[in-house]
Amino acid sequence: MNKKLLILVIIISLNIRFTSAQIGVGEWRDHLPFVYSIAVTQSPSKVYVASENGVFSYSKKNQNIEKLTKVNILSDVGVSSIAYSDENSVLAVGYSNGNLDLVFDNEVFNLSDIKREMISGSKSINHILFIDEYAYLSCGFGIVVINVQKREVKDTYYIGNFGGLLQVNQLVLSNNYLYAATNEGVFIADYTNYNLADYSNWQIITAIPNYTSKFNAIYVDDNNNLLVNQSNDLSNDILFAYSEGAWMSLNSDYSTIREIKNENSAIQIVSNRNILSYSTDFVFIDSISQIDIPKLDPFDVVFSDNTYWIADKGKGLVKFTAGSFESITPNAPYLPESFSIDIDNNRVLVTAGSLTPSWGNSFFTGAAFSFRNERWESMFNFNAFDYVSVKIDPYNTEHFYAGSWGGGLVEYLNNELVETYKVENSTLRSIIPGSNYYRIGGLDFDSDNNLWITNSDVENPISVKKSNDGDWLSFNFEEKISNIRIGKIIVTQNDNKWVVLPSGNGLFVFDNNQTIDDINDDLFKKISIVDENGKIISNNVYSIAEDLDGDIWVGIDQGIVVYYNSENVFEDSDFHAQRIVITIGEATDFLLKTETITAIAVDGANRKWIGTNSSGVYLVSEDGIKEINHFTEENSPLLSNKIKDVGINHETGEVFIATDKGLISYRGTATMGSDEFRDVYVYPNPVRENYYGDITVRGLVSDVNVKITDISGNIVYETTADGGQATWNGKNFSGKRVSTGVYLVFCSNEDGSKTYITKLLFIK
């Protein structure tokens with residue numbers, strides 16, 4: 001029997017599971033939309049489309065889509081321009097902060113010189129022009145020339161008055177002359193002049209009407225015919241054409257002109273609602289309009305193979321051929337904004353609302369995004385805004401609620417909006433009686449599946465929607481928390497409710513004693529966050545979570561505090577917070593004491609994932625004393641150091657992180673364990689010869705001992721599961737990759753009363 005046939009027989013006998021697409025332990029993936037495209041370019045085989053979040057490519061031959069983002073190849077977010085050079089076989093990606101990536105055959109070289117330069121004002125790379133081995137960057141302050149082959153900055157041209165800063169929006173080359181469209185006119189320079197760094201070698205063209213105005217796009221042909229767009233913020237843009245020695249106004253019918261391109265042997269003018277085609281002598285030919293493509297909002301266009309490829313704001317890449325169109329974009333949430341996360345039973349829900357630091361509205365359209373089976377679905381509610389909380393029904397994952405900071409409580413079933421709760425059908429109230437403004441800050445279910453809701457700035461700030469009959473009740477708790485801001489609410493393991501009181505009001509805890517309808521036996525308490533000496537640490541609370549031991553972790557503007565034995569909150573008059581003391585060298589300090597903690601999530605190993613306002617995400621040990629990971633935008637693919645929320649898929653260990661620049665996820669080592677072994681499997685299985693990531697064993701009893709042996713019983717690895725998942729790097733105790741063969745995985749709890757054995761095939 002040959003080796004390949006033997007391996008096939010082993011695979012069949014092991015009943016190996018091939019799982020759907022997912023990331024491995026320690027890997028990242030982004031969840032960024034590309035529907036708001038800003039630029040398009042092409043190579044002979046691919047079309048490249050840019051949004052602020054990154055770039056994706058579309059294969060002209062086999063229609064494959066590939067994302068290029070900070071997770072897999074790019075160095076940054078905030079893309080502002082792209083261009084492809086056939087001569088240099090390179091894709092240049094410019095960013096709004098001045099960063100530049102040169103992508104060669106899926107390998108990237110980063111040039112951060114502009115980003116690091118101490119320049120006041122904009123550093124944005126607005127346009128990229130390739131001339132031979134050079135890339136000319138039109139920047140917010142001037143022009144930077146990159147030697148692509150040497151991968152270095154060759155020169156910088158400051159062409160403003162007396163060599164000052166001047167925003168350059170586009171460069172073109174014709175008949176050995178460079179033309180620059182800038183915020184203060186159109187400039188021309190002799191390309192053969194060796195000293196273009198001298199501003200005096202750049203001359204402004206004064207014959208254009210209002211020649212010192214802002215010009216954002218330009219076209220020049222070999223006959224010295226010019227077309228420039230004068231950009232106006234308060235009125236329509238004006239296209240000026242120069243032909244046969246005279247300037248004329250070509251068109252002033254469009255409010256915004258975004259690009260002027262030479263495509264399909266014609267001049268293509270991209271406006272905010274169509275694409276106009278002119279001949280090279282400025283005679284109108286045709287247009288692609290919203291009649292051809294509904295709601296067309298183009299930003300850029302290229303042409304090849306009788307097809308227009310359009311970067312569109314709302315449709316991503318539009319393929320327009322022979323009067324028909326197709327919208328192309330990777331699957332993702334429709335919007336990059338992410339604020340609140342809830343995850344249950346392999347369903348991820350993310351809302352796109354946002355609040356200002358003073359808890360004011362950002363007025364994002366009510367939006368929720370659902371992720372299941374590796375697919376995103378987007379839901380919009382144009383009658384509400386700023387979804388700042390979301391909660392999945394634990395008894396039915398098709399059913400969830402979203403809290404709008406201004407639009408009331410919204411109920412969904414099967415991704416359809418079924419009800420909005422306001423004064424007419426609930427106990428919720430508007431902040432101004434008679435108005436239509438309901439601030440819903442937090443949601444959670446108790447053990448009886450009653451939904452608890454926080455309703456800010458009203459007399460009765462806590463409401464409950466009962467599960468048995470759908471009736472509503474509201475509470476004011478002797479007005480201890482009436483008419484103030486009310487944020488997140490969590491229901492603990494013993495059914496106590498802990499409520500965040502923003503704006504320096506600390507916390508509120510209450511217990512309805514399992515008798516919702518009887519307020520006489522309710523217990524409640526407003527808590528100032530004080531230490532064991534009665535000294536206030538800080539009442540500026542931003543986040544809260546209960547860990548697996550029932551301890552309450554609270555994020556404030558001075559790090560973390562913990563309430564141990566939280567069930568004693570009503571019995572202990574001296575109920576105080578404790579701070580985690582960590583040791584750094586020979587010194588001790590409080591955990592993250594200089595950070596504002598915006599999010600706390602607890603994984604299956606009872607470790608804490610901590611999001612901060614400016615320092616990224618921390619993973620700390622169960623007791624908080626040990627830092628396991630610290631992810632920032634500088635040392636990882638994390639999109640931003642400003643964290644809005646953190647949620648964990650306890651089935652897979654994937655950690656979803658909402659930032660102010662979008663949503664990203666990282667697969668951790670821990671899943672939620674259980675009391676019994678359930679659906680245990682190894683991933684990947686088989687382990688292929690080209691796989692070098694972590695191998696995971698899932699579905700385990702919490703914190704079991706895991707031994708991996710060869711078929712003869714020799715132990716090659718041993719570990720303890722993180723919650724319900726164990727990981728192995730494929731190496732033995734000597735640090736060497738194990739040999740090809742079948743390996744046994746023995747799992748056992750501490751007293752040996754619960755055991756499980758499974759197998760995996762390893763191919764070296």
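**Exercise 1.** Find the residue with a positive phi in the hairpin of β43 and β44.

*Solution.* Start with the strands, which are DSSP runs of E with at least two residues, numbered from the N terminus. The hairpin of β43 and β44 has 4 residues between its strands, and serine 503 there takes a positive phi near 60°. Next, look at the pairing (DSSP finds at least two bridges between the strands). Here β43 and β44 (residues 506-511) run antiparallel over 5 bridges. Finally, leucine 501 lies opposite glycine 506 in β44.

A word on the model: it is predicted, local features need pLDDT of at least 70, side-chain atom pairs count only at pLDDT 80 or more, and totals for chains, interfaces and linings use all residues. Residues are numbered from 1 along each chain as its sequence is written, and side-chain values use heavy atoms, leaving out hydrogens and water.

**Exercise 2.** Describe how β43 pairs with β42.

*Solution.* First, β42 (residues 489-491) joins β43 in the antiparallel sense over 3 bridges. Then find isoleucine 490, which stands opposite tryptophan 498 in β43.

**Exercise 3.** Work out why β43 is largely enclosed by the rest of the structure.

*Solution.* Buried means under 20% relative accessible area (1.4 Å probe, protein chains only). In a regular strand, side chains alternate between the two faces of the sheet. On one side of β43, Lys497, Val499 and Leu501 are buried, and on the other Trp498 and Val500 are buried. So 5 of the 5 residues (497-501) are buried, and β43 is therefore largely enclosed.

Notes
Buried < 20%, exposed > 50% of the residue type's maximum accessible area, 1.4 Å probe, protein only.
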